[in-house]
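Dear colleague,

My notes on what was found in it follow.

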Amino acid sequence: MDFQAVIILILIGLAADVLSGLVGVGGGIILVPALVYFLWYSQHQSQGTSLGVLMFPVTILAFIAYYRDSLVTGDPIEIKIILIIAAGFIIGGLLGGALAIRIDQGTLRKLFAIILFYTGIKMLGWDKVIVNWVKHLFP
């Protein structure tokens with residue numbers, strides 16, 4: 001691996017974890033597209049790499065900051081909830097990974113893009129604007 005690739009990987013990791021600590025996103029939203037477009041990974045390689053990165057404690061410092069703050073503010077993060085969701089992640093990861101490797105690259109990339117697009121529209125509140133616009137087209 002050349003020096004330029006190492007720098008790109010460090011920048012991708014830095015961007016993903018800054019966003020992870022800031023708003024709770026990073027792996028799928030930053031790592032997967034960055035690996036596809038900057039390092040020419042396949043969709044399967046990118047998603048697998050993103051999941052591999054998440055195996056390591058990439059967000060532990062951000063979690064500790066949130067956890068400590070939650071104790072101070074009296075709005076605690078419940079470890080029990082984390083463990084229950086993590087159990088779902090384990091089962092979901094096994095099922096999702098098994099399904100993903102059976103889907104061709106193009107379809108998987110489109111599915112990934114649709115999920116990102118839908119999430120962005122919902123979070124911006126544009127879904128209501130679009131629905132209202134469509135209603136006005138067909139009175």
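**A single salt bridge, and its surroundings**

The structure holds one salt bridge, a term that stands for a side-chain nitrogen of Lys or Arg within 4 Å of a carboxyl oxygen of Asp or Glu. Please bear in mind that this is a predicted model, in which local features need pLDDT of at least 70 and side-chain atom pairs count only at pLDDT 80 or more, while totals for chains, interfaces and linings use all residues. Residues are numbered from 1 along each chain as its sequence is written, and side-chain values use heavy atoms, with hydrogens and water left out.

The partners in the salt bridge are Asp 127 and Lys 122, whose closest N and O atoms are 2.9 Å apart. Asp 127 counts as buried because its relative accessibility is 18%, whereas Lys 122, at 41%, is partly exposed; here buried means under 20% relative accessible area, exposed over 50%, and partly exposed in between, with a 1.4 Å probe and protein chains only.

**The chain as a whole**

The protein chain has seven helices and zero strands, where helices (H or I, at least four residues) and strands (E, at least two) are DSSP runs numbered from the N terminus. The radius of gyration of the protein chain is 18 Å, whereas a compact globule of 139 residues would have one near 14 Å; this radius is taken over C-alpha atoms, and the globule rule is 2.2 Å times the number of residues to the power 0.38. Along the principal axes, the C-alpha atoms fill a box of roughly 55 × 50 × 30 Å, and 17% of the 139 residues count as buried.

Leu 108, Phe 112 and Ile 121 are buried in helix 6. At the start of helix 6, a side-chain oxygen of Asp 104 comes to within 3.2 Å of the backbone nitrogen of Gly 106, and just after the helix Gly 125 has a positive phi of about 80 degrees.

Helix 4 (residues 60-73) has 14 residues and reaches 20 Å from its first C-alpha to its last, close to the 20 Å expected. Just after helix 4, Gly 74 likewise takes a positive phi of about 80 degrees.

**A loop residue and a nonpolar patch**

Trp 40 is found in the loop between helix 2 (27-38) and helix 3 (43-55), and its phi is near 60 degrees, a positive value in a residue other than glycine. With a relative accessible area of 69%, Trp 40 is exposed.

Met 1, Phe 3, Val 6, Ile 7, Leu 9, Ile 10, Leu 11, Leu 14 and Val 18 make a nonpolar surface patch of about 910 Å². Such a patch is made of residues with over 30% relative accessible area and no salt bridge, nonpolar side chains (Val, Leu, Ile, Met, Phe, Trp, Tyr) being joined within 5 Å and like charges within 9 Å. Ile 7 lies in helix 1 (residues 3-23) and, at 33% relative accessibility, counts as partly exposed.

With kind regards

Note on methods:
Polar contact = N/O pair within 3.5 Å; in protein donor to acceptor, adjacent residues only side chain to side chain. Areas by Shrake-Rupley, 256 points an atom, 1.4 Å probe, with all protein chains shown as cover. Expected span 1.5 Å × (residues − 1).
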